[in-house]
Every structure is written in structure tokens, then in C-alpha cells.
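Morning, everyone. Let me put the model up, and then we'll go through the strands and the chain pairing.

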There are 2 protein chains.
Amino acid sequence: MSAVDVPSGRPATRATPAPGDPVLARLSLNQKTTPSWDVPGLVEGAVRAGLDWVGLWREPAQEYGVERTAKLVADAGLRVSTLCRGGFLTAADAEGRRRALEDNRRAIDEAAALGTPYLVMVVGGLPSGDRDLVGARERVASAITELVDHAAGSGVQLSLEPMHPIYCADRGVISTLGQALDLAERFTPDQVGVTVDTFHVWWDPDVEAQIARAGQRISSFQVCDWITPLPADALLARGVMGDGHIDFRSLLRAVTAAGYTGPIEVEIFHADVWAADPDEVVATMARRYVEHVLGE
Amino acid sequence: MSAVDVPSGRPATRATPAPGDPVLARLSLNQKTTPSWDVPGLVEGAVRAGLDWVGLWREPAQEYGVERTAKLVADAGLRVSTLCRGGFLTAADAEGRRRALEDNRRAIDEAAALGTPYLVMVVGGLPSGDRDLVGARERVASAITELVDHAAGSGVQLSLEPMHPIYCADRGVISTLGQALDLAERFTPDQVGVTVDTFHVWWDPDVEAQIARAGQRISSFQVCDWITPLPADALLARGVMGDGHIDFRSLLRAVTAAGYTGPIEVEIFHADVWAADPDEVVATMARRYVEHVLGE
């Protein structure tokens, strides 16, 4: 086993788990971790690494064809943990709102077609020039209310993803797990759940209590690290597990105690990771997952 | 009135308030907004602009001499709203902790000497390589307990500043106003209060309720804006009021309703602001303060 040079050059401290190793049973490769792969590349790469799960994004699935993607993934024996992403529901004008709802209905249909019951919702930031954060949050709640019937009718749960407050202005006005649950609890767990992404929630002094409160509403547990200094592009600031400050084991214990037994998805946005050989990225991801998330 | 080119080039929408204009009565110039000025420069600049208040930092005050700074400021008829900053209390080793406590006792003495009752506390991030966030937060609480007697004996309140979660790992493990109050409420309001800085708290869905809860514990209200895209250096990411996404008026209404009538301090860390002519920065600050904070 040689050390790989992604992303920090830390020497490997353990062997990469072999394909078929049961330690990998819950590991899901989110498509954005290896964005240089198209859908066939992703499927082949996941199979080569012995993974059972992938997390998909709408754009590459659309590009390859949603039905074709669904067939390719299923034929390879892979399951789809989540589809990213619906949301962007904060438009203040009627036309923007209409288009957002229409697009989210399409996203729901795509999730159903791809065989995942979970559509991850990144709810959107403040419209340009708008400083009314309370109003934006109210529009999100109202839009979710409009979408739940279509979603439930398609067997898809809307999974609200609280975003780190660094993204409150421009990406997601749901900033804490508690706030996501305040909204989710207006609906049944079949209709609306939550995505717990360590990057977004790790800092929250209330995170363990809110994970316990979430219980069966947790539809996805996603992992990547908070690294410092923060990379210059805040949208590409997510590190590989072990390169940063997050105590993954305690968060995994918390979601496990809350009853979550589903896939653990690795979603990393980082320029160095994206520039590296994707097979190497997957190998590093698997090793770091075992070491830092499972703690085995 | 010509527009100034800091920091966004937005045209001036109103005249800069003249020195002596009562609209400026509460405006306090934090020393870090015009860091190219030494203490005499700051005092002269604040007087030229007709301000009554300045917020000081320890390092430049030490450099000029704490007693000398106190005399110069008082002789100019200025008052000191806060001293920045105590804190950095998360060291896990005995020697690091001892040094931090000693340094904070000096900071308390300096606040007393400079004539401000408020020492702003930036409590510190995770020690290098340490992922135990709960433990770091407990050490902060324990250190505050050790410092309150010395502070109260000097007539100085320790003012806990919750930091935006972007700084949780490396600067301040107190991430919300609610969390700051959970700690502050172990002590009397004379001993421990809170600093409400719009940049740090604006995103918090619970911020208005927590400001109401804070009541008389609010010892400082500080303003600067959250701008996007976030500048590459996260420590220099603070914008001039009006350049970003924060609704200052609603936050001022909230602290006013909570009973706060003290100075409103402007503390801006931004490379372009720091590079500009400090008199122009102060003029822009005053204009933007009236327009975006007071809303007059």
C-alpha cells in the first residue's frame, strides 16, 4: 500500500479495504466527490471499489439520461442513496417561484425514476438585494407545503438539508438541524425528513439533541471534513475525513442512537480532490471512512 | 458630496453627517476598522469625524502604552466602548491554560485602566489536532469561572462574543448567542455579558428570541455586513454596512427592545477597507451607519 497524494499527503495508516469487505457495506460514493466521472464512469468506479451505494446528482443523470442512468446503476447491482438536489425555493417573485416549483416536481420524478426515496433539498439563499431572511424562510416553508403531495405520491421524501451558516446568504436559509426539524415536523416523516451532513452541522452546540429529536426523519447521513484555513472558494471548502476538525465517530454514534442504519454518503467538494485520479480518491475515501467515521 | 471608493464603489446616497450631528451620538469606531492609524491617529480621526466613542484593541494600546492611551482618549473627550479582546481559553494543557488565564487577567486590568467596563471575549478554537469540541467548550466555561472574580473586582464585565460558525474550529467555539447566554447565566450580569455582533449572529433563526433573552447582559452591539462571495481570506470577510445581506434595522430594533441603549460599534476586517484612506473609511462608515443601521 503506498500513500496517495490526495488531498493532504498524509501517509496511509491502513490498507484500503478490498472490494467485498463488509466494512464498506454502508459507504456511498456521492457523484460530486468524483465529478470527472460521467455516469458510466461512476458506476464502473463504484463497482471496482466494491461499493453497494452511490449518491447521484440531477445534472449528470440528466445528461446521460435519467432512465438510462437508472438501468445502468441497477444492472450493476448498485443502489442510489439520495438524489441531489431539489430546493432553491426562496424566489420572491411569482414567476421565479412557479419555475422553482416546476423544477422541483421534475426533481421528485427523477428521484422516483432513479429508485431513491430521498430528494435532498438545498432550500436556497436570499434573492439578490433582498435582506428579509425571515421572509425567505417563510417562502421555503410555503413551497415545501406545495410540494409534499406530489412527492409523497411519487414515493419520494423531501429531505431538508440544513446548510452551514456560511451559506445562509447565497445557498440555504435553513441553517440548523433544529430549524429543519421545526419545518419537517409540520409533515409526516414519509413526506419530509432531514439530511445530516457533518460539514454543515458539526459546530452546532445543539446537534446531538437535534439528531436525537430527528429520529426516523433522518434520511441521509453525509460525511466530509471541515478544514482550516478555509479554502479561498467557500463552495470548494470540504475536506476528506481526517484532514480537518470534525469528530465523525460521535456524530455517527448520535445518528445510530437515533435509529439511522442507512448508507453513509461521502460528498467532497475540493479542487485538489477533483483534480486527482478518481480511483485514488475512492480508495482514500474508503480508507479514511473506515478509520475516521467507523473508527475501526 | 462625492462617492468614495470604499469598498464597493456604491454611490453615496446621503451626505456624511457633520461632526456634532446628534445622529452620530452612539457610533463607535472600532480601532480595527482603521488599523493604519496608531492610537494618536485614531483619537485625532475620531475627533475630526465628531465621534464620541472608540473601541480599542489591546495590541495597539500596549504599543502606545496603556496609561498613555487612556489619558489621550480621555483628554480628547472620547469614551471607550469596549476593549478587544480577551479569550483564547481552550488550551488543553496545563501550561497553555495557565498562560491564557494570566494573559486574560492582564487584559482585564487593561480594560479597567482604559476606562471601559467591557472586555470582549473571543473564546478560542480547537487546539491543534484536537477534535473534542465538547471538551473545548467545557474548558472555556471553567476558565470563565476562574476569571470572573478578578474581572468583577476590577469593575470589568467579561463580554462573551459568539462567533459565526465559520470560526468554530480556529477562533471561537461559542457559536450562537443562545450558547453564550447558557454560559453567561451562570454568573451575574455584572460579571458576564454578551457582545452581539451582526456579522456573527445574523443567520441564526433564533437570534431575536436570544437577544430578548439577553436583556441587560448585552454589553456591546457591533455592526458589519456579511458579503458574498465570501472574500478568500475568511478573517478579512467583513463588509461595510449596506454592501451585504444583513438587515441591521431589525437587529437594532431587537437589541433596543431588549433594553440596550449603548454605543454601536463598527468593526470591519476587509483588505480594501484597510487599504483605503482612513478618514474616507470613517466618512463612509458614518454615512452607511445612518442609512443602514439607524435607517434614518
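Start with strand 5 and strand 6 (residues 192–197) of chain B, which pair in the parallel sense over three bridges. Pairing here takes at least two bridges between two strands in DSSP. Strands and helices are DSSP runs, numbered from the N terminus: E with at least two residues for strands, H or I with at least four for helices. Within strand 6 of chain B, G193(B) is the bridge partner of S159(B). Between the two strands, the chain goes through helix 6 (residues 177–184) of chain B, and this β-α-β crossover is right-handed. Right-handed means that, with the strands pointing away from the viewer, the path from the first strand over the helix to the second runs clockwise.

Some ground rules. This is a predicted model: local features need pLDDT of at least 70, side-chain atom pairs count only at pLDDT 80 or more, and totals for chains, interfaces and linings use all residues. Residues are numbered from 1 along each chain as its sequence is written, while chains are lettered from A and ligands numbered from 1 in the order in which they are written.

Now the other neighbour. Strand 4 (residues 118–122) of chain B runs parallel to strand 5 of chain B, with four bridges joining them. One pair there is Y118(B) with Q157(B). Helix 5 (residues 133–153) of chain B carries the chain across from strand 4 to strand 5, again as a right-handed β-α-β crossover.

Which way do the residues of strand 5 point? Q157(B) and S159(B) go one way, L158(B) and L160(B) the other, and all are buried. Buried is 20 or more other C-beta atoms within 10 Å of the residue's own, with C-beta atoms placed from the backbone.

Zoom out. Eight strands of chain B close into a barrel, in the order 1-2-3-4-5-6-7-10, with parallel pairing.

On to the two chains.

Key: Buried ≥ 20, exposed ≤ 12 C-beta atoms within 10 Å, placed from the backbone.
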